[in-house]
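The tour goes stop by stop.

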Amino acid sequence: MYIYPKLYPLVYITVVFLPITAFCGSARDYLNAPIDAWLGFYNAGYSSSVTPEDGMDITSDVRANVLSQSFMLTRTMDYWGRTGGLSLILPYRYVETHFGDFRASTRGISDIGMLWQINLFGGPALSREQFRSFIPETFSSFHFYLGTPLGEYDVHSALNPSSTRWVFSPTVNYSYTPDQGWTWLETYITTTVFTTNDNYQVAGASKLGQDPLVIIEGHASRNITPEIWLSLDSYYNVGSETHIDNIAQDNAANTLRLGTGIGIRVWGGGDIIVNYERVVAKPSQQPESQTIRMTLRQFW
């Protein structure tokens, strides 16, 4: 059995439509700075989705809009001769949804997280002086995101800015450049594991769980000038079915997103990056969605 059907889309938005970001391109973010430096990132994104109505229900489509913002502060470090970084992530989300005459919205601080990154090869720890003459080369890296249950949460609402659970998300990256950093071909593989939310009390439920999520990313980018680059991006998500009181909700991911982006260097050590993504393949019960994201990056 399932929870009350009209609450299902809200559960989907809360725990599937708002997963932890895979931090696409984060390997190159911290490599583009010397060690013992501070990096600041401001991220803003807007996503819209439409979930088709269930052919067995008499109900309208479910529409949702999500505005997310985050600030990430990173300190680059020397780990055994390799470039690494430690980050604190402070997110904020506004979510609204409506179907038929029903409307709901929420806003607030989302789950605060931390990110640790280190190069496996191809990214030596460089001082500011060495960094100025470093020629980019093929590299691999490891990333580990830890999401905390710290954030605003209402146990009786299916729609929340946070998920009040722990999230563990390791990523392995490989970035290949054939021409000293003008062209990059990159892949990321991420597995995200979620603990159970034991404070989920919607419609008489007592707990909400989520299966592991696997994300496989591919990115191809090319510098047009030293200050401007373009990218093509793809993301394949699999897994992540939710369970309410151990009852599966039949919403496992099997989605493919494609996107494109542009990056511009506008001041010393500063970048503006804009990406657009759209779901192009998915199970019938999952929403059509599109996202636009902007990142401002500065190091000092």
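Start by selecting Phe142. Its relative accessible area is 25%, so Phe142 is partly exposed (buried means under 20% relative accessible area, exposed over 50%, partly exposed in between, with a 1.4 Å probe and protein chains only). Before moving on, note that this is a predicted model: local features need pLDDT of at least 70, side-chain atom pairs count only at pLDDT 80 or more, and totals for chains, interfaces and linings use all residues. Residues are numbered from 1 along each chain as its sequence is written, and side-chain values use heavy atoms, with hydrogens and water left out.

Trp116 is partly exposed because its relative accessibility is 27%.

How many aromatic pairs are there? The count is six (rings of Phe, Tyr and Trp, the last by its six-membered ring, pair if their centres lie within 6.5 Å; planes under 30 degrees apart count as stacked, over 60 as edge-to-face and the rest as tilted). Trp116 and Phe142 are edge-to-face, because their ring centres are 6.4 Å apart and their planes stand at 65 degrees. This pair links distant parts of the chain: Trp116 is in strand β5 (residues 113-121) and Phe142 in strand β6, 26 residues apart. Strands are DSSP runs of E, at least two residues, numbered from the N terminus.

Together with Trp116 and Phe142 they form one aromatic cluster.

Next, select residues 139-147, strand β6. Nine bridges join β6 to β7, and the two run antiparallel (two strands pair if DSSP finds at least two bridges between them). Find Tyr145: it stands opposite Ser169 in β7.

Move to β7, residues 167-176. Which residues are on its covered face? They are Val167, Ser169, Thr171, Asn173 and Ser175. The uncovered face has Phe168, Pro170, Val172, Tyr174 and Tyr176. In a regular strand the side chains alternate between the two faces of the sheet.

Go on to residues 183-194, strand β8. Eight bridges join β7 to β8, again antiparallel. Tyr174 stands opposite Thr187 in β8. β7 and β8 form a hairpin with six residues between them. In the turn, click Gln180, which has a positive phi of about 60 degrees.

Now for another sheet. Three strands form an open sheet in the order β9-β12-β13, with antiparallel pairing. Its edge strands, β9 (208-210) and β13 (247-248), each pair on one side only. Two bridges join β12 (residues 242-244) to β13. There, His243 stands opposite Ala248.

Finish at Arg257. Arg257 lies over the face of Tyr235, at 4.2 Å from the ring centre (a charge sits over a ring if NZ of Lys or CZ of Arg is within 6 Å of the ring centre and within 35 degrees of the ring normal).

How values were computed: Helices (H or I, at least four residues) and strands (E, at least two) are DSSP runs, numbered from the N terminus.
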